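Hi everyone, thanks for making time today.

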Amino acid sequence: MLQAPLLSVENLAFERDDSCLFSAVSFAVDSGEILQIEGANGSGKTTLLRLLTGFLEPSVGAIAYLGRAISKCRYDYLSDMLYIGHQPAVKLNLSAEENLRWMVATAAQSNDISIVDALTQVGLAGYSDIPCYALSAGQHRRVALARLLISNARLWYLDEPFTSIDKQGVEFLQSCLQQHVARGGAVVLSTHQDLELTNLRKHRLLPAVERVS
Amino acid sequence: MSRLSNWLPTNWQWFNRLGSPRWFYHRSERWLPWLSLAALLVLATGLVWGLAFAPEDAKQGNSFRIIYIHVPAAFLAQSGYFIMAIAGAIGLIWKMKISYMVMKAAAPIGAALTFIALFTGAVWGKPTWGAYWVWDARITSMLILLFLYAGVMALQYAYHSVDAASKASAILALVGTVNIPIINKSVDWWYTLHQPATIKLTSAPSMHMDMFMPLLVMIVGFYLFYAVALILHTRNEILRRERKTSWVRELATAKARG
Amino acid sequence: MVTQDARKMDSGFAAWLRRDLLLAYRRRGEVASPIVFFIMVSTLIPLGLTPEAAQLAKVAAGMIWIMALLATLLSVDGLFASDYQDGSLEQMLITPQLLPLPILGKVTAHWLTTGLPLTLVSPLLGLMMSLPNAGYLPLLCSLALGTACLSLVGAVGAALTVSLRKGGLLLSLLVMPLYMPVIIFGTATVSYAVDGVNWLPPLAILGAMFAASVALCPMAAAGALRVTASN
C-alpha cells in the first residue's frame, strides 16, 4: 500500500488585496526529501512557507499532511512541524540558554539532547549566560538553529535559514539537514544559496498570471 | 469558520450572487430611484406633520418638536451599528467582499447620525433644561456610541491592506456589539446613582397618539433614508475597490464618452 | 496520551507566563514606569483642583480610578509589540496549543506587573487624596478586579493594532469605550462604602465582568491576532 506523502500541496494559490501572488502551485514532499523553493524576490516564497504552516489561509487549493487536510488534523500536523521564519524569534533580554529553554517548553516534542549540548554544537558554548542583545545577528540565527537539534518534528520549514551565518555555520546547517532527512524527516526551505545536498529537489515559484475579471 | 458556508443550501443562489460586487452595483441602480422617492415622500410627510400639525406639548411648548429628528436619528444610530456589525460578521463567516464594503460604508453614516442625535439633543436641552449639555443616561450612551463608531472608522483607515482593515474592523464591530448592552445598562445605572434633579426625557409609549404618529412616520422615513445613503456609499466603495477590473473601466469610459 | 496532552495544554499558559515575567524582570525600569506615572500624575490633581482635604475626599475614588485606567492604557500597548517585531508572535500563532492559552498567560503576566502593583500602591494615593477610611478596602478590591478586566480588554485592542506603527493612540481610542463600564462600577464600589452602604453588589458586578472577560477576551484577541499579525 502506498503511504500518503508527508506533505502534499495541490493547486495552491494566494491572493491578497486583489493581487494574486502565485497560483497553481503543486508539489509533494516525502520523508527523506529536501525541497528547495526558488524564485525571484517578491515571488512569494515566504508567503508559501507561511501557508504551509497554517499561519495564512490559501485562497484556492489544499494542503495535506499524510493524506489528511491540515485543517482537519491541526494538532497532529503542528506538533510534527518546526518552522523558523525570517526573524529568529530570539528575545534580546534573555540569554541564549533561556531563549532555547522557552522554545523547547512550547514545542510539542523534543529530543533528549540537553540545551547546553545543543548550544555547544552550534558554536555558542561560552555564550549561554550572556543576554542576546550582546550577540550578533548571526549568533541569534544560531540560537534559532539550535532548535533544530532539539526538535523531534519530522517536517522542517525554513525561510532563508542561511542568512547572516558564516561559512562554518553553512556547513553545519547543511550537515544538520542531511542528518535530519537521513533519519526520515523532510525539509522545505527557501534560499538563494546553492546547496550541496543529496536528495535535493527544486521547485521554482513563478509569478502569477494577471487577474482577468 | 469557513465550514459554515457549506451549510448554505444551494438554492440560495441569490445570496451567493449578492456577494458579487458587480451584480450588486447593477441591481442597486434599479432599486435606487424608487427607494429615494419613497424616502423623500415619507420624510416630507413626517416633517410637515410633526413640525406643523402635531399638537403642542403641555410643558415644553413647541421646542419638543425637535424629537422628530432627534429620536429617529438616535434610533438609526443604534441600529446602524448593529447593521455594520452584522455586515462584518457575514464578511468574516462567508468571506464576502461586498459585506465588508457595506460595513465600511455604514460606519460614517452611523457616526453622522449619532452626531445629529447629539446635536439635536443639545438644541433641545437649551430651552428645556437651560443647558446645552447635560450628562444624562441617553446622551452619555450616545456619546459612547460615537466613540465606538470612531474606533471602527479609525481602524479601517489605519491599515494599508484592505483585507486586514476589513477583518480587523469586523472583529472590533462585533466586540463593540457585545459591549453596547453592557455599556447602556452601566450608564443607566450610573445615572440613577447620582440622580440630579432634571426633567426626564419623554419616553415614546407615554406620548399622546397625535404626537406619536408623526414620530413613527419619521422613523420609517429615516430608515428609508439610511438605506438610500448606505446603497449610495456602498456603490462608491465598490467602484473604488474594483477600479482595476474591466467592468469598472468600461463604466468609466462609457460615462466619459456619453 | 491524556497526561501528555494535559502537559501540552499547561505549558501553553505557564511557559508564556513564566517567560513574560522573566522578561519584565529584565526590563524592570520600563515596567515600573506606569506605576511611577500613576503616582506622579496623582500629584497633579491637588495642583489642578484644590489642596483642601474635604474637596479632595469627594473626588478621590474617581480620580484614583481614572489614573489607574490611564496607566494601564499606557502599558497595554506593549503587550504584543516586541513579540511581533522579533518573530515570537509568529511562533505563538503556529503552536499546536489553543491560541487563547498563551494569550491568557501573557495577559496574566501583564496584570501581575502592572495591575497588581497599581492596586497595591493605591492606598498610598488614597492617603494623599484624603480618601475616607471606609474606602480603602473597597478601593483595593475594586482595583484588583478592575485592572484585570482592563488588561484583558486591552489585550483585544493590542491584538487589533499590533502591526500598526503608531498603534498606541489608536489602541486608546478603540479600547476606551469598552473601559467605561469597568470604571463606573469600580468607582461605585468605593462611593458606596464611603456613603456607608453595602459595597458588595457593585463589586459583584465587577466580578461578573471579570469572569466574562477571562472567558471571552482571549478568544477575541486570538481571532484578532490571526488577522492582523499576518500583515
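Of the 231 residues in chain C, 53% count as buried; buried here means that 20 or more other C-beta atoms lie within 10 Å of the residue's own, while exposed means 12 or fewer, partly exposed is in between, and C-beta atoms are placed from the backbone. Please keep in mind that this is a predicted model, where local features need pLDDT of at least 70, side-chain atom pairs count only at pLDDT 80 or more, and totals for chains, interfaces and linings use all residues. Residues are numbered from 1 along each chain as its sequence is written, with chains lettered from A and ligands numbered from 1 in the order in which they are written.

Staying with chain C, there are 9 helices and 0 strands, where helices (H or I, at least four residues) and strands (E, at least two) are DSSP runs numbered from the N terminus. The radius of gyration of chain C is 19 Å, close to the 17 Å from the globule rule for 231 residues, so chain C is as compact as a globular protein of that length. That radius is taken over C-alpha atoms, and the rule is 2.2 Å times the number of residues to the power 0.38. The C-alpha atoms of chain C fill a box of roughly 60 × 35 × 30 Å along the principal axes. Among its contacts between residues at least 6 apart in sequence, 82% join residues at least 24 apart; a contact means C-beta atoms, placed from the backbone, within 7 Å.

Where do chains C and B meet? The contact takes 20 residues from chain C and 21 residues from chain B. On the chain C side, α7 (136-160), α8 (167-194) and α9 (200-228) each supply at least two residues, and the largest share, 11 residues, comes from α8(C). By class, that side has 17 nonpolar, 3 polar and no charged residues. For the classes, Ala, Val, Leu, Ile, Met, Phe, Trp, Tyr, Cys and Pro are nonpolar, Asp, Glu, Lys and Arg are charged, and the others, Gly among them, are polar.

On to chain B, and one helix there. α3(B), residues 67-94, has 28 residues and reaches 39 Å from its first C-alpha to its last, close to the 40 Å expected; the expected span is 1.5 Å times one less than the number of residues. Of those 28 residues, 20 are buried.

Finally, chain A. Its strands β1 (7-16) and β2 (19-29) run antiparallel, joined by 7 bridges, and two strands pair if DSSP finds at least two bridges between them. Leu12(A) stands opposite Val25(A) in β2(A). The two strands form a hairpin with 2 residues between them, and Asp17(A) in the turn has a positive phi of about 50 degrees. β1(A) also pairs antiparallel with β4(A), residues 60-65, over 5 bridges, with Glu10(A) opposite Ala62(A).

There is also an open sheet of 5 parallel strands in chain A, in the order β6-β7-β8-β3-β9. Its edge strands are β6 (81-84) and β9 (200-204). Within this sheet, 5 bridges join β7(A) to β8(A), and Trp156(A) stands opposite Val187(A) in β8(A). That's my tour, thank you!

Conventions: Two residues are in contact if their C-beta atoms, placed from the backbone, lie within 7 Å.
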